[in-house]
Amino acid sequence: RPNFPKERRSRGWAELGFQGTDPATDLRGTGMLGLDCIHELFAKRPEVANDFANNDLLCATACINVVQMLLVHLRIDEASHRERQLVDPSSRSDKSKLPKRIVSRYRAVQLEAMQTFLNMLEGCATEASTISLFAGLVLVAMQLTMRAWCDLYQLRGEENKPNLLDFRELLYSARVQIMHLLAAGPRSMRALQSNAKSIETVLVDESERIP
C-alpha cells in the first residue's frame with residue numbers, strides 16, 4: 001500500500017501521480033469516488049500503478065480520468081448531454097461529424113453496457129460494495145489503458161514511444177473496449193476481467209469511426 005501524505009498539500013501527492021501538490025485540484029470532477037478508486041488501485045493492483053509510473057504516465061490523474069469517463073458513458077453522473085461532452089476525457093475530436101447510423105450503433109452498445117452495470121449493481125447490498133464494484137470496473141479500464149499504451153509502443157518503437165500527449169487516444173481505446181465488454185453481458189466482475197484479458201489488441205484506430 002502507498003504512503004498517502006497526511007498533509008493536504010504535499011509533494012507526496014505528485015509522487016503518487018497527481019498533477020501537483022494539491023490532490024483536490026485533480027479530484028474536482030470525481031470527488032471522493034475518484035479517491036476511493038485510486039486507493040483501490042494502489043492497494044489491490046500496485047503493479048498496474050507501477051506500470052503507469054514506469055512509463056512516465058501520471059497514475060492518479062489517469063485513474064481520475066478513467067473514473068470521469070465511466071461516469072459519463074454509463075450515465076452515472078447527473079450532467080446534461082452537453083456537459084457530458086465537455087467533461088468526457090475520451091471524446092473524439094470529430095464526433096459531431098460522424099454519420100447518424102454510427103452514433104446510433106454506439107448508443108445501442110452504450111445502453112446494453114448500462115444495463116449490464118445495473119444488473120451487477122443488484123448484487124451490491126451496501127454503499128461500500130457498490131463503490132468496490134465500480135472501482136473494479138475502473139481497474140479493468142486502467143489495465144486496458146496500459147495495454148493500449150503497449151500496443152501503441154509496438155507500433156511506434158522506442159524512438160517515438162507514447163507519452164502524455166497520447167493519453168486521450170489511449171483512454172479512447174480503453175473506453176471503446178470496456179463498453180463493448182460490458183455490452184456483451186458478463187454476469188460478474190470476474191467474467192468481465194476474464195473477457196478483457198482475451199482481447200488481443202486493445203488499441204482502437206479512430207479511423208474505425210467508433211464514437
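Let me start in helix 8, where Trp149 and Tyr153 both sit, four residues apart, which is about one turn of the helix. Please keep in mind throughout that this is a predicted model. The ring centres of Trp149 and Tyr153 are 5.3 Å apart with the planes at 10°, so this pair is stacked.

Now to the core. The largest nonpolar core has 55 residues, and those with the most contacts inside it are Leu70, Leu137, Val138, Met142 and Leu144. Among the elements that give two or more residues to this core are helix 3, helix 5, helix 7 and helix 9, while the largest share, 14 residues, comes from helix 8. If we take Val138 and set aside residues up to four places away in sequence, it touches Cys37, Cys63, Val66, Val67 and Leu70.

Of these, Cys37 is one of the buried residues in helix 3, which also include Gly34, Ile38 and Glu40. Helix 3 itself has 14 residues and reaches 20 Å from its first C-alpha to its last, close to the 20 Å expected at 1.5 Å a residue.

Finally, a polar residue: Arg175, found in helix 9, is buried, with a relative accessible area of 1%, and its side chain is joined to that of His73 by a polar contact of 3.5 Å.

Terms used
Residues numbered from 1 in each chain as written. Predicted model: local features only at pLDDT ≥ 70, side-chain atom pairs only at ≥ 80, totals over all residues. Heavy atoms only, no water. Core = buried A, V, L, I, M, F, W, Y, C linked by side-chain atoms within 4.5 Å. Buried < 20%, exposed > 50% of the residue type's maximum accessible area, 1.4 Å probe, protein only. Contact = heavy atoms within 4.5 Å. Polar contact = N/O pair within 3.5 Å; in protein donor to acceptor, adjacent residues only side chain to side chain. Expected span 1.5 Å × (residues − 1). Phe/Tyr/Trp six-rings, centres within 6.5 Å; stacked < 30°, edge-to-face > 60°.
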